[in-house]
Amino acid sequence: MTVAQAVVEYLSKQYTVDSVNGVEYRERLIPGTFGIFGHGNVAGVGQALKQYQQLDPSIMPYYQGRNEQAQVHQAVGYARHTRRRQTFAVSTSIGPGSSNLLTGAALATTNRLPVLLLPSDTFATRAADPVLQQLEQPYAYDLTVNDAFRPLSKFFDRVNRPEQLFSAFHHGLRVLTDPAETGAVTISLPQDVQAEAFDVPEEFLAEREWRIRRPEADDDDIARAAAAIRSAKRPLIIAGGGVLYAFANEELAKFVELTGIPVGNTQAGVGVLPWDHQHSVGAIGSTGTTAANAIAAEADLIIGTRYEDFTTASRTAFQNPEVRFININVAPIDAYKHGTTLPIVTDARKALVKLNAALGGYRVGADLEEKVAAEKKRWNATVDEAFDTRYTPLPAQNEIIGATNRAMDDRDVVICAAGSLPGDLHKMWRVRDPFGYHVEYAYSCMGYEIPGGLGVKRAALAEAAASTTAAGGDRADVRDVVVMVGDGSYLMMHTELVTAVAERIKLIVVLIQNHGYASIGSLSESLGSQRFGTRYRALDEEQHSFDEGETLPVDLALNAESLGVKVIRIEPGEKVIAELEQAIRDAKAAPERGGPILIHVESDPLLDAPSSESWWDVPVSQVAELESTKQAFQTYVGHKSRQRKLLG
């Protein structure tokens, strides 16, 4: 076989095995391969995929895609929805084909989500040297563009000889399926090696199972944590994505119902409890609810994880001088964050099972439960007002979020990634299903929304097909996937709409046109930079400014139509929100294999979401000529004075 043929057949035989609450799971780890072909992979991986397609298309289904970065985003969206049990492989040519994967690799690794990257590389033999698109560095002639993947990947290897294939893929898939280490796994395949023939051991091509590691919590750690919880007066849980990946929702609900401890959630943790659960205080931190942030400010014990800067409001969220932290995470890097004295390296569900057993009879005081109820009531009233206030002729983004939320079913999934939308969704989206919210916010990558949503939709289709089979043929409903995206992110990467058209995949896109970068515009204004460079305007040549010119005559709805997408235009006016809500319901009622639907609606970017009563540390110029910057710096100094040097 050639190296590429061996890779494709090997990947088709890899299975993920998992067991949660006695339910066994076995599924293909790599259900398909994305690829855009050039001289680096057309005769290698491309030939192998074509050969197996003719022999049996089910061996390794091929998916086309329109942009290499977007293909990674599709794989990541799929991986997130399958709870890191499955992902896709992505094959590219050399040079720009490979380097186009870099942003996707960083996103996957930052989010701790698995994806297998197979960028092609220049000749290992150097028979053609330099080859087209080869990078030449005089100080290191073995350096290629693929070395840029090393800091972005959780595992990197280059197969310069066919015999290296075995160890490269064995260790690569070990990392891919390790919940503590997963992220981008990059195996660089020189274009000549891909086409080289060699004898492949049958053992390499045999079926192999990769069991998801779910480590138990150490009993001594649990005992120390239980003692700390029992001594706490105002504890708070911060639940992240680890609860979802561990399928620990039910155990968490049991824990908080027994103890009364309130739960705030990170972006990755939205859905751990329904939004209206008695003990859920919602999103926490810079994009959080006032309820979660009020409870966090007084908490004397935090049971949490990872502590990204938004989550901790840049280390200002926790103002109780006696506060302590119990960090529970399957990854040591997160369990030991910020100097905690109580790190527990374990699977989240297994930790909760043991804590439930160890805390029999413990419950927080009535004063905390009353505080939680009062703060929830205050925040819910704030969101109701934001959803129900009507601005004309252009609505606020809050109204658009409310309309979308109301029009979607509980099992549907909302997708977002960058701009002001993720923060507004985090604090206001009313989720009921643990799979109902997917916002990529660890890397906050503009352009992720449409390809990421397409990956989630692929997973939803596979999920429905598996449920139909398990039910003996009764058709299972497919979750609708609704992408919410601003014009800035849309312009970054909308090309995968063509992929959805080609495969007739129903992806619903709500495109919010506000003629600029609303999120950074608001941030810029708060930092004294007066929304500089954030409006989409014609150039004022005299001032060389894009801030005050005419609005650009760009028609994004027409752009989507030109790609083959069905478009629904919502015109400005008094009925915008009612028409938007109906448009989403109509899109949901459309045939499942009818292709993508885009709903175009304009908004007023100057109408902000309700305040989180929180802070995010973005440095302000210490000296300036602009009066607005001077004032912003004084505000910054005030917030900075509340910042803790360490959390633990």
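What is the order of the strands in the open sheet of six strands? The legends below start from that view of this predicted model.

**Figure 1. An open sheet of six strands with parallel pairing.** The strands run in the order S4-S3-S5-S6-S8-S7. S4 (62-63) and S7 (155-158) are the edge strands, and each pairs on one side only. Strand S3 (residues 33-35) joins S4 in the parallel sense over two bridges. Phe 34 has Tyr 63 of S4 as its bridge partner.

**Figure 2. Helix H1 (residues 3-12) within the structure.** H1 is largely enclosed by the rest of the structure, because 10 of its 10 residues are buried. Among them are the nonpolar residues Val 3, Val 7, Val 8 and Leu 11. Gln 5, Glu 9 and Ser 12 are also buried.

**Figure 3. The largest nonpolar core, with 91 residues.** Ile 229, Leu 252, Ile 326 and Met 484 touch the most other members. Leaving out residues up to four places away in sequence, Met 484 touches residues including Ile 400, Ile 401, Val 414, Ile 415, Leu 421, Leu 425, Trp 429, Val 510 and Ile 512. Thr 404 and Glu 449 are also among the contacts of Met 484.

Figure 4. Strand S2 (23-28), helix H3 (68-81) and helix H17 (449-470) each give two or more residues to the lining. H17 gives the most, with nine residues. By class, the lining holds 16 nonpolar, four polar and nine charged residues.

Figure 5. Pro 130 sits in the loop between strand S6 (115-121) and S7. Pro 393 belongs to the loop between helix H14 (366-388) and helix H15 (397-407).

**Figure 6. Positive phi at His 515 and Glu 613.** Neither residue is a glycine. His 515 has phi near 60° and lies in the loop between strand S19 (508-513) and helix H20 (518-526). His 515 counts as partly exposed, at 21% relative accessibility. Glu 613 has phi of about 55°. The loop between strand S21 (597-602) and helix H23 (627-640) holds Glu 613, which is exposed at a relative accessible area of 53%.

Key: Residues are numbered from 1 along each chain as its sequence is written. This is a predicted model: local features need pLDDT of at least 70, side-chain atom pairs count only at pLDDT 80 or more; totals for chains, interfaces and linings use all residues. Side-chain values use heavy atoms; hydrogens and water are left out. A nonpolar core is a set of buried Ala, Val, Leu, Ile, Met, Phe, Trp, Tyr and Cys residues joined through side-chain atoms within 4.5 Å. Buried means under 20% relative accessible area, exposed over 50%, partly exposed in between (1.4 Å probe, protein chains only). Contact means heavy atoms within 4.5 Å. Helices (H or I, at least four residues) and strands (E, at least two) are DSSP runs, numbered from the N terminus. Two strands pair if DSSP finds at least two bridges between them.
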